[in-house]
Amino acid sequence: MSSIAFIGLGNMGAPMANNLIKAGHSLAVYDLVPGAVNSLADAGARPATSATDAVKGAEVVITMLPASKHVEALYLDSDLLSAIDPAALIIECSTIAPDSSRKVAMVAQTRGLAMIDAPVSGGTGGAAAGTLTFIVGGEAADFARAQPILQNMGKNIFHAGPAGAGQVAKICNNMLLGILMAGTSEALALGVANGLDPKVLSDIIAKSSGRNWATELYNPWPGVMENAPASKGYAGGFGVDLMLKDLGLAAEAALSTRSSTPLGELARNMYSLHSGQGHGKLDFSSIVNLYVHKPS
Ligand code: NAD
């Protein structure tokens, strides 16, 4: 069992840290929100007073933060790296720009620290169930070292390539997810406007050629899936602003390689419009509200 520092205890980080505690690891946890730290302390973690305090004596450091600026601020603009044991492994799980991820990994490396990018897929449900997919970028030896830890939080663990490769793969996946959620919303709204029951239509699509992750596990229409954010007022889950961030990362990646991503760009504009209307903190499946004023 390992001594692990876990920094960033939001919608994803908290259930991931919980699974590490359940697996028997010794955790020190930190978040800017004291309530998040206290909840994990109740579950058996040591509540740290700062990120630097959390990493003291840690064999593994895991971060799960919102975006590139948070990750760069933590690792590059503070003295955190010098507080980490040189023998420790850093597992950076946030979804951030590949360039940002490479930059942080390079700085860590120059200080003799091993770091991998390990963004995840599977949502808050997957985080709670310990069935996340980890998409890792970094050295093969560090990937191997991380496996036993990642297995306590996830089911499918991929090595995408060198540093930053995990982020590239994750961005491609999330661009597709954003498009699929908008497309699923569009199809359901069309069916309902034409007299169909959203549950019946969802059941049909889930067993037909239009099926996808949204129709199987994360239906955007309220009341169709009891446990989906749509049935809980779009609270928790994966925020509109986080999806917007990922579609922005996809757009940057496309620009830098002169790739064409017309559907990704359309989806980015839709989530941007939705966020601009004040819905940035809602789950991203609330994009269905762009199609209907009051989904029933
Ligand atoms: P979140 O906003 O719920 O949680 C982020 C947490 O980081 C917050 O609790 C915040 O207080 C904390 N934080 C920010 N800066 C900090 C700092 N300097 N020190 C300590 N704590 C700090 O976000 P989330 O939904 O948990 O997502 C985290 C990352 O995972 C994002 O990059 C997101 O894109 C990605 N992701 C999310 C989901 C999902 O379904 N929510 C799925 C896959 C990937």
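A polar contact is a pair of N or O atoms within 3.5 Å; within protein, one must be able to donate a hydrogen and the other to accept it, and residues adjacent in sequence count only if both atoms are side-chain atoms. By that rule, a nitrogen atom of the ligand lies 3.4 Å from a polar backbone atom of Leu32. The model is predicted, with local features needing pLDDT of at least 70 and side-chain atom pairs counting only at pLDDT 80 or more, while totals for chains, interfaces and linings use all residues. Residues are numbered from 1 along each chain as its sequence is written, and side-chain values use heavy atoms, with hydrogens and water left out.

**Around the ligand**

- There are 24 residues around the ligand, and Asn11, Met12, Asp31, Pro66 and Lys245 come nearest (a residue is near if one of its heavy atoms lies within 4 Å).
- An oxygen atom of the ligand is 2.7 Å from a polar backbone atom of Pro66, and an oxygen atom of the ligand is 2.8 Å from an N or O atom in the side chain of Lys245.

**Helix α9 with helix α10**

- Helix α9 (residues 165-193) and helix α10 (residues 198-206) pack at about 130 degrees with their axes 9 Å apart; helices are DSSP runs of H or I with at least four residues, numbered from the N terminus, and axes are lines fitted to C-alpha atoms over the stretch in contact, with angles from 0 to 180 degrees between N-to-C directions.
- The two helices α9 and α10 are therefore oblique to each other, since angles under 35 degrees count as roughly parallel, over 145 as roughly antiparallel, 65 to 115 as roughly perpendicular and the rest as oblique.
- The contact (heavy atoms within 4.5 Å) is made by Ala187, Leu188, Gly191 and Val192 of α9 and by Pro198, Leu201, Ser202 and Ile205 of α10.

**Helix α13 with its partners**

- The axes of α9 and helix α13 (residues 262-279) come within 9 Å and cross at roughly 65 degrees, which makes α9 roughly perpendicular to α13.
- On the α9 side this contact is made by Met175, Gly178, Ile179, Met181 and Ala182, and on the α13 side by Leu263, Gly264, Ala267, Met270 and Tyr271.
- Helix α12 (residues 240-256) packs with α13 at an angle of about 150 degrees, and their axes are 9 Å apart.
- Among the α12 residues that meet α13 are Val240, Asp241 and Leu244, and the α13 residues that they meet include Glu265, Arg268 and His279.
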